[in-house]
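Please look over the structure below.

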Amino acid sequence: MTKSSRIPDNHPQRFKLHNEVHARAPISLTLPVRSTVLALILNDEEKKHELTHLISLCERYGIISPKEDAAHFSATFDSFKIRWEQHGEFSTYSFFVLNSNEKPFSKFALEQVPTDWLNQLPGKIIVAAHASMIESNSELSTPESISEYFSSNAVIGAEVTGGAAQAYTDFKIHADGFSRFLILNNHLKPAQAGRLLQRLFEIEIYRVMALLTFPIVKQLAPKLNEADQQLITITNAMARPDSNDAKLLDELTTLAAEVENNISTHQYRLGAANAYYNIVGQRTEDLREVRIQGLQTIGEFMKRRLEPAIDTCTSTSNRFNRLSKRISNAGQLLRTRVDITIERQNQALLTSMDLRAKMQLRLQETVEGLSIVAITSYV
């Protein structure tokens, strides 16, 4: 790219950073569409093989492969589209089959993908979801008729994207191991359809990722209560005049180490819960939901079902931080008491040493006097 000779050279990351906002643009979709998304959690070793596995699919279909340092990739294969994105803890694979006129969830986009390739995907599935985007029709005009596509479960949904579509789900895993989204199109444009589907998938993925912290918090709760009670016992003992400060300081140091170990071990997971929950809130807000009479909106469902769990995670994190601070304060107080005790002991020792010095001086004076008397008598 040419640049004016009057300005300095470009920063090495300038164009990469500038183009980052365009890097993961949603796929434009021509309705009707069948889609499937898979979100997989990978360890470091599996991440190394992920791109190689994706390249093998491209080579099978004669598609230009992604670069070695790629973190996202989109391509059109013979009968389906694919979109791959690598995130910090997980990766997502979205598959799309366009102009699909079958009934919702009678066929799935994943059926067009080679089975042997799917079976060898690295990682563990954390989210798997099917979506069907079809034209709005009179047969799907009531919650009861829509519920049939969700195994007669209670349906959650709303008008979205300014009334351009209606989105429905039940946030449950069905017998095939997938959750489901049904989108009825009123007047979506291709780019809008891609953005809407991506937001719905992201709400499901980040909702589950946020909840990864909840089982950890439940395991930490007894440890937190035990540590809290132990600190109360130590501080009560500190208030007694006959307390063994050295022993209490050892117990307090051990407790501080245990609490700090729990904080450092789980701090990332606790912080990730809030980060993922914020993304869920943002994606839900982007839907611009309008209530359908008789149905709970996606935003209301998240507030009632997800928010309490995230609040518990946040509360646990805050309790650990407060406990750590209380232990630190108690430790400072106890160390001050120990220092004062040691200082008093040192002062008493110095007083004793001064008294001994005076006694030695008097004894020496007495001995010298007696020596003089003895010498005088002898002379």
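Among contacts in the protein chain between residues at least 6 apart in sequence, what percentage join residues at least 24 apart? The figure is 70%. The model is predicted, and its protein chain holds 8 helices and 9 strands.

**Overall form**
- The protein chain has a radius of gyration of 35 Å, whereas a compact globule of 379 residues would have one near 21 Å.
- Along the principal axes, the C-alpha atoms of the protein chain fill a box of roughly 135 × 60 × 45 Å.

**Surface and charge**
- Of the 379 residues in the protein chain, 41% are buried.

**Backbone details**
- A cis peptide bond runs from Leu31 to Pro32, with omega near 0°; Pro32 sits in the loop between helix H1 (14–18) and strand S1 (33–41).
- Ser151 is not a glycine, yet has a positive phi of about 55°. Ser151 belongs to the loop between helix H4 (143–147) and strand S6 (156–160).
- Arg288, also not a glycine, has a positive phi of about 55°. The loop that holds Arg288 lies between helix H7 (245–286) and strand S9 (290–291).
- Arg288 counts as partly exposed because its relative accessibility is 49%, and the exposed class requires over 50%.

Note on methods:
Residues numbered from 1 in each chain as written. Predicted model: local features only at pLDDT ≥ 70, side-chain atom pairs only at ≥ 80, totals over all residues. Heavy atoms only, no water. Helix = DSSP H or I, 4+ residues; strand = E, 2+ residues; numbered from the N terminus. Rg over C-alpha atoms; globule rule 2.2 N^0.38 Å. Buried < 20%, exposed > 50% of the residue type's maximum accessible area, 1.4 Å probe, protein only. Contact = heavy atoms within 4.5 Å.
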